[in-house]
Amino acid sequence: MNAQNLNAPSAYFMAAVTETPESHTLSVLVDNEPGVLARVIGLFSGRGYNIDSLTVSETEHEKHLSRITIVTTGTPLVIEQIHHQLERLVPIHRVTNLTVEARGRNFEKPLERELALIKVAGVGEKRLEALRLADAFRATVIDATAEHFVFEITGRTNKVDQFISILKPLGLVEVSRSGVAALQRGPEGL
Amino acid sequence: MKREMTGAEMVLQALKDQGVEHVFGYPGGAVLPIYDEIIQQDAVRHVLVRHEQGAGHAAEGYARSTGKPGVVLVTSGPGATNMVTALADAMLDSIPMVCITGQVPTNLIGNDAFQECDTVGITRPCTKHNWLVRRVEDLPRILHEAFYVATTGRPGPVVIDIPKDVQFATGEYEGPRHVAHKSYRPRVKGDMDAIRRAVELLSRARRPIFYTGGGVINSGPAACQLLRELIELTGAPITSTLMGLGAFPASGKQWLGMLGMHGTYEANMAMHDCDVMINIGARFDDRITGRLDAFSPNSLKVHVDIDPSSINKTVTVDIPIVGDVAHVLEDMVRLWRTGSHQIDKAALDGWWSQIDGWRARNSLAYRPSEDIIMPQYAIQRLYEKTKGRETYVSTEVGQHQMWAAQFFGFEEPNHWLTSGGLGTMGYGLPAAIGAQVAHPEALCVDIAGDASILMNIQEMSTAVQFGLPVKIFILNNQYMGMVRQWQQLLHGNRLSHSYMESLPDFVKLAEAYGGHGIRVDKPADLDAALDEMIATPKPVIFDCRVANLTNCFPMIPSGKAHNEMLLPDEANDEAIANAISADGKALV
Ligand SMILES: Cc1ncc(C[n+]2csc(CCOP(=O)(O)OP(=O)(O)O)c2C)c(N)n1
């Protein structure tokens, strides 16, 4: 989403970034109060960090807590910075790097799912092909006329990406995606 | 103790309960209810500034010189936006500040009402935290929380935006309570294991150096005392950032002077060649490190900082210690003593003789003159004349600021007030006013440049009204000297808009405000004029005419490393013209 971060608060640094950027998923527990999302997004844009995906919703109503899930890309040092910068925000209770935790348990990634609604319009063979593919991807039809379908698909980001790109030549009209929701594997919570 | 009162009364009550004695502010429609409370009491005294930015910097000077939070009160819209520079300044220099802004009534928020602006939106990135108070029930809690957040952990500015209807509304007031904050819990105690490893590393060092910063001063007098103790125990050299001056006495034998872009040769060379670096309360800022990939290449680094996000931000360190400086230093001193640690004597002696060699280069040298006042000489005389007095020095931004840092010796913390991180011209006069409010008997001097002083000169009127005898010591070189220097270094000496045309007559200006004006242009007259300035019991503007084209040296040119300093005796026109490479020109 944003420009590549060079971990460079000032142009004074021209040190080349030698480490390679990685994708990390952060889970952020925050007070559900006005402006909290703006604080998080402002931090990312102000410091030039990437946001690849961001989802937010209240998850514990009585405690007024929301969970923000952010997928971001950066070198390990930048990811560490993002983690600590987020922790500096006063209404943030906890930041957990789910990717690092997953690796600690010998998984490549935490559990991650995304939902997408995809509209495809067309007739004849293309229409049938779209329906066949939807079946193969376990997408469901949630709206249809003689000229269109709306599919709902849930899965990991790359599966959703793949499904969308396959539908492109088959009359893809528009897409709405939820962004990534993520949890750690195993019985424990944050 | 719970009591019914209006929101405006709550503001005053909370200020009293928080021990606030002074507020800097400027009234307007959206804060009139609070001003109506201010006039009906006298526990909290209000200092009326002439521009809200002045209130902000005055609060910063007050905070920096006392260790207490600075408090400001301004109206909505333009009052709040005028405060933004001071908030950003306090944010970068970690100055505790509580800013109360008025806001249009809640039912008008979002309607583009008269003098409405999105204050919390505008100030979000330049505050540690901010609040829009929508209900009077929340006001007491937020007021106390604001003081807590501003002053604990890494200190910083906070904003409380209070709509006018909330100021009129009545609710139940509650005093400060000691309850743990639900999400904000700064860590003060450092990890013992890391501290132990740091102490051991230090004891095995052969070329150690302490590099200290504003965090030591923020941590308080105890931290400075412990630092002095540890330096004495270890025998190691110490340097500091601009923000950290005064934590260790400039007269101390182990003091190398300030480091960084305009730091001393010995400080920068020792940073470059050390084998163990102990960073205490500093943040590897770009003015300090110079070229990052050549920064102290052969050292193991310890970093003590209360803010985890400062660790490994620009320089990766070997032993990070997150905690309050005083707490960590206390542990370090205790471990050093109980472990009977000692740095190898022969190694340390060798290191010191190397340092003495660098010192002998005399990197702050300048050519004295009998006809014109050299700016460095002016600072030296000011220092000599004020020695032994309780003196607080603030600065504006530019060459004069660097010369003040180089030539004025600070023996105690909290006596040096300067805008380090943001580099805000216009900081010095209001900061001196803030310090003078807190220390009425002390001598408060703003070392200024002729360009910077005009940015908040209106605060002379504040100084006169409140009987604050601040001294403005202008090193008048008729240029934006630092800009001119960079144009000489970077842009073929094409002095684009850096000459100060049509400067006012500063003596008449002082008199117009009701202060006293002094002008000197001969070195021989300087001492007597300084005596006159110090003896004058009202605000003084001292127009000290100095050599126009002096450059501030030594200097690490942009894009260069610590061991590639430009020294004054080598800085001929050609060296200056070629000091910065094409790559370096793109840097700030
Ligand atoms: C508000 C603001 N605007 C611009 C600058 C850029 N700047 C840095 S130093 C400087 C010149 C300062 O001139 P003067 O106050 O005369 O001090 P000198 O360098 O001559 O001692 C300028 C314009 C700044 N630091 N702050």
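1. Helices (H or I, at least four residues) and strands (E, at least two) are DSSP runs, numbered from the N terminus. On that basis, chain A reads β-α-β-β-α-β-α-β-α-β-β-α-β-β along the sequence. That gives five helices and nine strands for chain A. The C-alpha trace of chain A spans about 60 × 45 × 35 Å along its principal axes.

2. A word on the basis of this note. This is a predicted model, in which local features need pLDDT of at least 70 and side-chain atom pairs count only at pLDDT 80 or more, while totals for chains, interfaces and linings use all residues. Residues are numbered from 1 along each chain as its sequence is written, chains are lettered from A and ligands numbered from 1 in the order in which they are written, and side-chain values use heavy atoms, with hydrogens and water left out.

3. The interface between the chains. Contact (heavy atoms within 4.5 Å) links 23 residues of chain A with 36 residues of chain B. The two chains bury about 2400 Å² between them, 60% of it on carbon and sulfur atoms. Buried area here is the accessible area (1.4 Å probe) that two parts lose on being put together, summed over both.

4. Chains A and B share two salt bridges. A salt bridge requires a side-chain nitrogen of Lys or Arg within 4 Å of a carboxyl oxygen of Asp or Glu. One of the pairs is A:Arg88 with B:Asp307, at 3.3 Å from N to O. Seven residue pairs, both members at pLDDT 80 or more, are in polar contact between chain A and chain B. A polar contact is a pair of N or O atoms within 3.5 Å; within protein, one must be able to donate a hydrogen and the other to accept it, and residues adjacent in sequence count only if both atoms are side-chain atoms.

5. Where the chain A side comes from. In chain A, α1 (36-46), α2 (76-88) and β4 (92-97) each give two or more residues to the side that touches chain B. The largest share, six residues, belongs to α2(A). By class, this side of chain A has 11 nonpolar, seven polar and five charged residues. Ala, Val, Leu, Ile, Met, Phe, Trp, Tyr, Cys and Pro count as nonpolar, Asp, Glu, Lys and Arg as charged, and the others, Gly among them, as polar.

6. The ligand shell. Seventeen residues surround the ligand, the closest being B:Gln399, B:His400, B:Gly423, B:Ser452 and B:Gly481. A residue is near the ligand if one of its heavy atoms lies within 4 Å of it. Helices α17 (399-407) and α20 (481-490) of chain B each supply at least two shell residues. The largest share, three residues, is from α20(B). The shell divides into eight nonpolar, eight polar and one charged.

7. Backbone atoms at the ligand. A polar backbone atom of B:Gly481 is 2.7 Å from an oxygen atom of the ligand. For B:Met482, a backbone N or O atom lies 2.9 Å from a ligand oxygen. For B:Ala451, the corresponding distance is 3.0 Å. The protein covers 76% of the 590 Å² of accessible area that the ligand has on its own. Accessible areas come from the Shrake-Rupley method with a 1.4 Å probe; for residues, only the protein chains shown count as cover.

8. B:Thr314 sits between β13 (300-305) and β14 (319-322). Its side chain reaches the backbone oxygen of B:Phe284 at 3.3 Å. A cis peptide bond, omega about -5°, joins B:Phe553 and B:Pro554. B:Pro554 lies in the loop between β20 (540-545) and α23 (573-577). B:Asp112 is not a glycine, yet has a positive phi of about 55°. The loop holding B:Asp112 runs between β5 (97-103) and α6 (119-123).
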